[in-house]
Amino acid sequence: MGMAFVVFISLYVLRDYRGEIGRWKMAAAEKFHNQHDIDQALAAASEAQHWDPDNIQFTRKRVDWLQKHEDLPAALEAVDDLLESVQGNSAQTSAVLIMRADLLQSMKRHKEALADSDEAFKLQGVGRTPSDNKPYSPSAVNTRAYFIARARAAGQASDEQVGQALVEMQELIRFWDVNLDSVSSSSPTSMFEFRVAEIMFLDTYAYLRLYAGDHQRALFDLNRCVEMTDHLAALAESESAELGQSPMMQEYVSQLPDHKAVIVAHRGAAHRMLGNTAAANADFQTAAELGFNPRRGLW
């Protein structure tokens, strides 16, 4: 029996030995990154990719690090290599296209980014509204709409694109409100996730409204988003303490300031369009202090 067990383990390791070595390398990369040794972290992450080139999560993490350190050409090269390796797999291709679209927008290449986001949306095979005869994915609709909003902020999306995205987000917000009751009796964690998504969707909707000319209502919604984010951040801190430093709540504690940075920057744009110069400058300063930076991927 002992020999059989050893043979089984050996076969398992040999079956996925490249993936296993990749995971070891990435674990080392994360350790280096946590120690703020960026060069070593990126080198180890590159080795992890070499051993398991099709692992999307390895590439996602390495691209995130490269982007945070503003090495955008290297990040784009890594994404392009991954995109080539996942051809034929619609789900993986869609995920990588979204990754590349986000990176391209950080490089101010918005039209290319919109083309990637459109292709990703098609590959996902989902409907634009809940009434379409296709599966409905609020997250997919929101992602595509947000790419359009960011492109419009840079003057690289048309009135037609903004108008269509705005209609789709309006339907999404209605859908989300209707389904609130279905999760109100669920676990606190499920409700928390629902509320975080709600903020993200409302922020996208407000940002589109802003560039569709509805400045005052956009500002109203963005103020709501800031208030909701502050409320959830306080709740996450409390829940994390009560649940013994719950890993999920700790993740929200670290992520919500990033969400707030983006929303406050959007609100600054609304104030600027309304002529509220002092409020706009205050928001832009707060957003920067919270980490808002398009080139580094937080925007």
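Biologist: How do α4 and α6 run relative to each other, roughly parallel or antiparallel?
Modeller: In this predicted model, the axes of α4 and α6 cross at roughly 5° and come within 12 Å, so α4 and α6 are roughly parallel to each other. Axes are lines fitted to C-alpha atoms, for helices over the stretch in contact, with angles from 0 to 180 degrees between N-to-C directions; under 35 degrees counts as roughly parallel, over 145 as roughly antiparallel, 65 to 115 as roughly perpendicular and the rest as oblique. Helices are DSSP runs (H or I, at least four residues), numbered from the N terminus.

Biologist: Which residues of α4 and α6 meet?
Modeller: From α4 they are I56, T59, R60, V63 and Q67, and from α6 they are Q92, A95, V96, M99, D102, L103 and S106. Contact means heavy atoms within 4.5 Å. The α4 contact with α6 has 6 nonpolar, 4 polar and 2 charged residues (Ala, Val, Leu, Ile, Met, Phe, Trp, Tyr, Cys and Pro are nonpolar, Asp, Glu, Lys and Arg charged, the others, Gly among them, polar).

Biologist: What should I know about numbering and confidence?
Modeller: Residues are numbered from 1 along each chain as its sequence is written. Local features need pLDDT of at least 70 and side-chain atom pairs pLDDT 80 or more, totals for chains, interfaces and linings use all residues, and side-chain values use heavy atoms, without hydrogens and water.

Biologist: Moving on, at what angle do α13 and α14 cross?
Modeller: Helix α13 (residues 247–273) and helix α14 (residues 277–289) cross at roughly 160°, and their axes come within 8 Å. They are therefore roughly antiparallel to each other. On the α13 side the contact is made by A261, V264, A265, R267, G268, A269, H271 and R272, and on the α14 side by A279, A280, D283, F284, T286 and A287. This contact of α13 with α14 has 8 nonpolar, 3 polar and 3 charged residues.

Biologist: And how closely do the axes of α8 and α9 approach?
Modeller: The axes of α8 and helix α9 (residues 159–178) come within 9 Å and cross at roughly 145°. Among the residues that meet are V141, A145 and I148 in α8 and V162, M169 and L172 in α9. By class, the contact of α8 with α9 has 10 nonpolar, 3 polar and 4 charged residues.

Biologist: How much space lies in the largest pocket?
Modeller: The largest pocket holds about 1,800 Å³. Of its 42 lining residues, D64, D102, H259, G297 and L298 are the closest to the centre. Elements that give two or more residues to this lining include α2 (17–34), α4 (56–68) and α6 (90–106). The lining divides into 18 nonpolar, 13 polar and 11 charged residues.
On a 1 Å grid over the protein atoms alone, a pocket is an open set of points with protein on both sides within 12 Å along at least five of seven lines, a cavity is a set where a 1.4 Å probe fits but cannot get out, and lining residues have an atom within 4 Å of a point. Points are joined across faces, edges and corners, and a volume is the space filled by probe spheres set on them.

Biologist: Which helix gives the most to the lining of the second largest pocket?
Modeller: That is α13, with 4 residues. The second largest pocket has about 310 Å³ of space.

Biologist: How many cavities of 30 Å³ or more are found?
Modeller: The search of the whole structure finds 1, and the largest cavity has about 50 Å³ of space. Its lining is formed by I98, S117, A120, F121, Q124, A140, T143, R144 and F147, with α7 (110–124) and α8 each giving two or more residues. By class, this lining has 5 nonpolar, 3 polar and 1 charged.
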